[in-house]
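Please look through the sequence and the model below before reading on.

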Amino acid sequence: MGAVSAVDRDRAPKQDRSRATRQRLLEAAVACLAEHGWAGSTVSAVAERAGVSRGAAQHHFPTREDLFTAAVEYVAEERSTALRALFPEGGADRHAVVSALVDLYTGPLFRAALHLWVAASHEEQLGPRVTELEARVGRETHRVAVDLLAADESVPGVRESVQGLLDMARGLGLANLLTDDGGRRERVVAQWARLLDDALG
């Protein structure tokens with residue numbers, strides 16, 4: 001077996017550093033977007049928050065649109081993974097699953113995504129990217145919900161019940177942007193869990 005070259009030895013740490021830099025940029029971009037909105041979220045502001053140079057940021061993400069759509073997608077994937085990890089054996093307790101799904105729409109990811117949606121409605125370069133991203137994130141969230149709720153979508157009305165749950169969760173997330181109405185949210189979650197028990201069997 002041949003000796004490992006110096007080039008090969010250097011490559012792995014460089015790749016690790018590159019991945020770590022990319023992750024810091026994505027997390028900083030989401031935080032920046034959630035706190036300051038689209039207008040206040042520049043590549044320079046994100047690079048500073050991530051502790052990297054603007055040049056390093058642009059090496060990973062050539063445009064502002066690249067950076068922010070990648071950031072929202074990255075965190076959405078992380079949240080889906082975390083959601084599945086909460087219920088490794090599946091979602092026997094529907095109330096807990098409904099509550100966890102609602103939580104997806106009340107944190108900084110949802111706030112960041114909302115700023116991105118608003119910007120996409122009048123930023124020509126951003127619109128198609130965000131539309132495609134939202135479709136992908138929406139499909140994945142729906143799949144996670146179906147799995148965790150043990151929902152059989154071949155039964156008439158079940159798909160619509162799951163989609164209605166996600167639409168309701170998004171609505172609660174919007175309401176939460178203005179006021180923290182945790183008490184009402186908990187009552188709505190409990191009612192939806194009962195409705196899903198009836199609808200899904």
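Arg-170 has its place in helix H8, which covers residues 158-178; helices here are DSSP runs of H or I with at least four residues, strands are runs of E with at least two, and both are numbered from the N terminus. The model is a predicted one, in which local features need pLDDT of at least 70 and side-chain atom pairs count only at pLDDT 80 or more, while totals for chains, interfaces and linings use all residues. Residues are numbered from 1 along each chain as its sequence is written, and side-chain values use heavy atoms, with hydrogens and water left out.

With a relative accessible area of 26%, Arg-170 is partly exposed, where buried means under 20% relative accessible area, exposed means over 50% and partly exposed lies in between, for a 1.4 Å probe and protein chains only. Which residues does Arg-170 touch, not counting those up to four places away in sequence? They are Tyr-105, Phe-110 and Trp-117, contact being defined as heavy atoms within 4.5 Å. The C-alpha atom of Arg-170 is also separated by 17 Å from that of His-95, a residue 75 residues apart from it along the chain.

The three residues touched by Arg-170 are themselves linked by ring pairs into a cluster of Tyr-105, Phe-110 and Trp-117. A pair of aromatic rings is described by the distance of the centres and the angle of the planes. Rings of Phe, Tyr and Trp (the six-membered ring of the latter) pair if their centres lie within 6.5 Å, and planes under 30 degrees apart count as stacked, over 60 as edge-to-face and the rest as tilted. By this rule the count comes to three aromatic pairs. In one of them, the rings of Trp-38 and Phe-68 have centres 5.5 Å apart and planes at 70°, so this pair is edge-to-face. Because Trp-38 lies in the loop between helix H1 (6-36) and helix H2 (43-50), whereas Phe-68 belongs to helix H4 (residues 64-86), the pair ties together parts that are 30 residues apart in sequence. Both partners are buried, Trp-38 at 9% relative accessibility and Phe-68 at 0%. The pair of Tyr-105 and Phe-110 is likewise edge-to-face, because the ring centres are 5.6 Å apart and the planes stand at 75°. Here, too, Tyr-105 counts as buried at 11% relative accessibility, and Phe-110 is buried at 5%.

The helices themselves come next. Two packed helices are described by the angle between their axes and the distance between the axes. The axes of H4 and helix H6 (residues 108-120) come within 10 Å and cross at roughly 150°, where axes are lines fitted to C-alpha atoms, for helices over the stretch in contact, and angles run from 0 to 180 degrees between N-to-C directions. That angle makes H4 roughly antiparallel to H6, because angles under 35 degrees count as roughly parallel, over 145 as roughly antiparallel, 65 to 115 as roughly perpendicular and the rest as oblique.

Within helix H7 (residues 127-149) is the place of His-142, a buried residue with a relative accessible area of 6%.
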